[in-house]
Amino acid sequence: MSSASQVAERDAPFQLRGNSFTMMVLKVFAPTSPDFFTQLNVKVRQAPNFFRNAPVVLDFDDLPESIVFDLGAFVSQVQALNLLPVGFQGGPQPVREAAMTVGLTPMPSGRAAKLEEVVKAPDPRQHDQQTPIPAPQVLIEVVHRPTVVVTEPVRSGMRVYAEKTDLIVTSSVSPGAELLADGNIHVYGALRGRALAGFSGDGNARIFCHSLEAEVLSVAGNYRVSEDIGSDFYKKAVQVFLRDGVLSMDLLKTA
Amino acid sequence: MSKIIVMTSGKGGVGKTTSSAAFATGLALRGFKTVVIDFDVGLRNLDLVMGCERRVVFDFINVINGEAKLNQALIKDKRIENLYILPTSQTRDKDALTREGVEKVLNELSKEFDYILCDSPAGIERGALMSLYFADHAIIVTNPEVSSVRDSDRILGVLNSRSRRAEQGLEPVTQQLLLTRYDPERVERGEMLKVDDVLEILAIPLLGVIPESQAVLRASNVGMPVILDEVSNAGLAYSDAVGRFLGEDIEHRFVTPQKKGLFSRLLRRSA
């Protein structure tokens, strides 16, 4: 789709800007363990869509100084599970050097410092506007992905996907519209379309809505069509979730 | 600077062409230089409803292809000053509409006209997309029934994502609802959606409610925009809608059943 930004950028051959990405950190304790890849494989298979081609950072911080292993082969085996190692952090010097030679990017570590900041931040009294916010030195450790917020009506035929995060719609969702989220879905208008939470398999995801008139509700692939939604819940404030693997609905108690 | 209006609906047969003809005529009657363009390439109807079908020589597609000048294709209405019709081709199809071609014609028209009204074809394919792409304002024509409402909702989504204003991040296309073929008695019996039901789903401002009226078909068949029928409810409702479009504060009428005395009950069949 051609867009305004394309028009505006037509003169410059590129644009450089900062961005932060959510990545998983694979903490490596015992890379030589015979069970390492069997167990990793089991983990990956639990949510294949979530892990497919996911960038990961290998964390060697807990490796013993004396460890010797073939990092190249290790990385290939991780790749064989459809994970994409893009960087590393920590580790003994020989391991770090080996990681650089196989093309992994060294990521700044400094976790302890970060944790302290997180602890300090919530106290509003100490918050000083003048204090410059420390540069995000540990981008890779960001596990929080901003929630997708939609304020306009979601019209028939529109599809909104909140990838690896939650979705909040403050307006109504029309029949024939589709909401997808890997996390939770909240709808503060009428939910008349389809809502699929836990789209990549997260069975803990939930759907919350102010007025349930949905066509389809689904959590982690367990779905219910509007025919099967009891009249007790129709046009009510409801939460939808998995109870022992079965799609369940509860009325939301409003004061 | 002229304003480009698209009359669209998603669904077919809801009254887009009737409304386009009436609306364009209403704007011209109020002194605005107005042109109405038929985007329904291959299913040319606007000329019939406007009663100028026997005067079509060149058309919109000829102009796009550079086979005719705009002035050769524009048809001046015989009844109303300031009103022009740009008919479309009956022999070509929607692929003849190119974005560049449409833009060129619209640019040329906007030098001369106050209002350019684009009569969209049904659907959400090329013809409909081309008719709404350059719009500043959209009038969504909807019937009080569920499938029409759903299709209108879809076209609103298309307007919000695939119009020029959306793609270039400009002010969004303004949108108003024109609810046509409204029959208050059937609404009262629960056979039709209420105005409020439709507004609840579409969530856009109401421009007007056009009552179901035999005058509409009668007017189409004689090639006269129904707004010129000043005794029919439909004609009056279109006239109100044009006034509201221009910013006048006019109360909605024809939304509740008219109280009938014995006399009018007896005369009902001749109404």
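**Two chains and their contact**

Mentor: The secondary structure of chain B comes to 13 helices and eight strands, where helices (H or I, at least four residues) and strands (E, at least two) are DSSP runs numbered from the N terminus. This is a predicted model, in which local features need pLDDT of at least 70 and side-chain atom pairs count only at pLDDT 80 or more, while totals for chains, interfaces and linings use all residues. Residues are numbered from 1 along each chain as its sequence is written, chains are lettered from A and ligands numbered from 1 in the order in which they are written, and side-chain values use heavy atoms, with hydrogens and water left out.

Trainee: How many helices and strands does chain A have, and what percentage of its residues count as buried?
Mentor: In chain A the secondary structure comes to six helices and 15 strands. Buried means under 20% relative accessible area, exposed over 50%, and partly exposed in between (1.4 Å probe, protein chains only). Of the 255 residues of chain A, the buried part is 38%.

Trainee: Which strands stand at the edges of the sheet in chain A?
Mentor: Two strands pair if DSSP finds at least two bridges between them, and an open sheet of four strands in chain A has the order β1-β2-β3-β4, with parallel pairing. Each edge strand has a single partner strand, so one side of each is left without a neighbour in the sheet, and these strands are β1 (24-27) and β4 (105-106) of chain A.

Trainee: Which residue of β3(A) does A:Pro55 stand opposite?
Mentor: Strand β2 (residues 54-59) of chain A runs parallel to β3(A), and six bridges join them. Strand β3 (residues 83-89) of chain A is mostly covered, with five of its seven residues buried. The residue of β3(A) that stands opposite A:Pro55 is A:Leu84.

Trainee: Which residue of β2(A) does A:Lys27 stand opposite?
Mentor: On this side of the sheet, β1(A) and β2(A) pair in the parallel sense over four bridges. The residue in β2(A) that stands opposite A:Lys27 is A:Asp59.

Trainee: How much area is buried between chain B and chain A?
Mentor: Contact means heavy atoms within 4.5 Å, and 15 residues of chain B are in contact with twelve residues of chain A. Buried area is the accessible area (1.4 Å probe) that two parts lose on being put together, summed over both. Carbon and sulfur atoms give 44% of the area buried between the two chains, which is about 1200 Å².

Trainee: Which residue of chain B meets A:Glu215 in a salt bridge?
Mentor: A salt bridge is a side-chain nitrogen of Lys or Arg within 4 Å of a carboxyl oxygen of Asp or Glu, and the rule finds three across the interface of chain B and chain A. At 3.2 Å, N to O, the side chain that meets A:Glu215 in a salt bridge is that of B:Arg150.
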